[in-house]
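This briefing covers a protein chain and a selection of its side-chain contacts.

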Amino acid sequence: MSVERVRAYLEARGLKDRVMEFSISSATVELAAQAVGVEGARIAKTLAFQAPEGCLVIVAAGDAKIDNPKFKARFHHKATMLSAQEALALTGYAVGGVCPFALPENIPVYLDVSLKRFDTVYPSAGNAASAVRLTCEELFDASGAVEWLDVCKGWQA
C-alpha cells in the first residue's frame, strides 16, 4: 500500500517509472545496495528524528552517519531517532521503508550534502522492498526538501 502511495505521488511529478520493487528486502543500506545493484553509499537513507513540532527527516548517503554536534548546532536539540512505532505513526511508513515522499505536510525534509557526489541515488519508495532512482535535483524537488545541509560525517574520502 505504501509503495502505491509513493507511486501515485511520483506519477504527478513524472517519476512513476523510476520506482523499483524487489522480491528481497531492501530494509537496510546493505540489503538495498544488493537489491539495486549499486554501492551502499548511493542508497539515500531516510532518517526520521524527533523534533519539537513532531519529527523531521534527513536523507543522507548510505555511508554517512549523523554528526551529533552538527545536528544540534543546526536544529538546537539532540539527534534522537524515532522509535519504530513513532516512525510509523508520524510518517506513515514502517522502518525500512521510510521515505521522503508523500509525507504529512508538517514533516520537513532535509537533504544532506553527502548525496551530492552521486549522479543518481536510490531512496526507498515506501516499503522495505522498494527503491526509486533519482538524480539529486529530482530528489530535492520530489521530496519538497527545505534545503541541503551538512549534518553527517564519515563519508568524506
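Is K16 buried, partly exposed or exposed? K16 is partly exposed, with a relative accessible area of 36%; buried means under 20% relative accessible area, exposed over 50%, and partly exposed in between, with a 1.4 Å probe and protein chains only.

The model is predicted, so local features need pLDDT of at least 70 and side-chain atom pairs count only at pLDDT 80 or more, while totals for chains, interfaces and linings use all residues. Residues are numbered from 1 along each chain as its sequence is written, and side-chain values use heavy atoms, with hydrogens and water left out.

**Annotated domain**

- An unreviewed UniProt entry lists residues 27–141 as "domain: YbaK/aminoacyl-tRNA synthetase-associated"; UniProt positions are given in the numbering used here, feature names are shortened, and annotations may be inferred rather than shown by experiment.
- Over residues 27–141 the chain is 26% helix and 28% strand, where helices (H or I, at least four residues) and strands (E, at least two) are DSSP runs, numbered from the N terminus.
- The end C-alpha atoms of residues 27–141 are 24 Å apart.

**Aromatic pairs**

- Rings of Phe, Tyr and Trp (its six-membered ring) pair if their centres lie within 6.5 Å; planes under 30 degrees apart count as stacked, over 60 as edge-to-face and the rest as tilted.
- By this rule the structure has five aromatic pairs.
- One of them joins F71 and F75, and this pair is tilted because the ring centres are 4.8 Å apart and the planes are at 45°.
- F71 and F75 are four residues apart in helix α3 (residues 68–75), so about one helical turn separates them.
- F71 is buried at 0% relative accessibility, and F75 is buried with a relative accessible area of 11%.
- F75 also pairs edge-to-face with Y110, at 5.0 Å centre to centre and 75° between the planes.
- This second pair links distant parts of the chain, with F75 in helix α3 and Y110 in strand β5 (residues 109–112), 35 residues apart.
- Y110 counts as buried at 9% relative accessibility.
- F49, F71, F75 and Y110 form one aromatic cluster.

**Charges over rings**

- A charge sits over a ring if NZ of Lys or CZ of Arg is within 6 Å of the ring centre and within 35 degrees of the ring normal.
- The charged end of R5 sits over the ring of Y93, 4.2 Å from the ring centre.
- For R13 the ring is that of Y9, and the charged end sits over it at 3.7 Å from the centre.

**Salt bridges**

- The structure holds seven salt bridges, each a side-chain nitrogen of Lys or Arg within 4 Å of a carboxyl oxygen of Asp or Glu.
- E147 and R74 form a salt bridge at 2.5 Å, N to O.
- This bridge links distant parts of the chain, from E147 in strand β9 (residues 147–149) to R74 in helix α3, 73 residues apart.
- E147 is partly exposed at 28% relative accessibility, and R74 is partly exposed with a relative accessible area of 29%.
- Salt bridges that share partners join E4, R7 and E21 into one network.
- E4 and R7 lie three residues apart in helix α1 (residues 2–11), about one turn of the helix.
- E4 is partly exposed, with a relative accessible area of 46%, whereas R7 is buried, with a relative accessible area of 16%.
- K16 forms a salt bridge with E11 at 3.9 Å, N to O, and E11 is partly exposed, with a relative accessible area of 46%.
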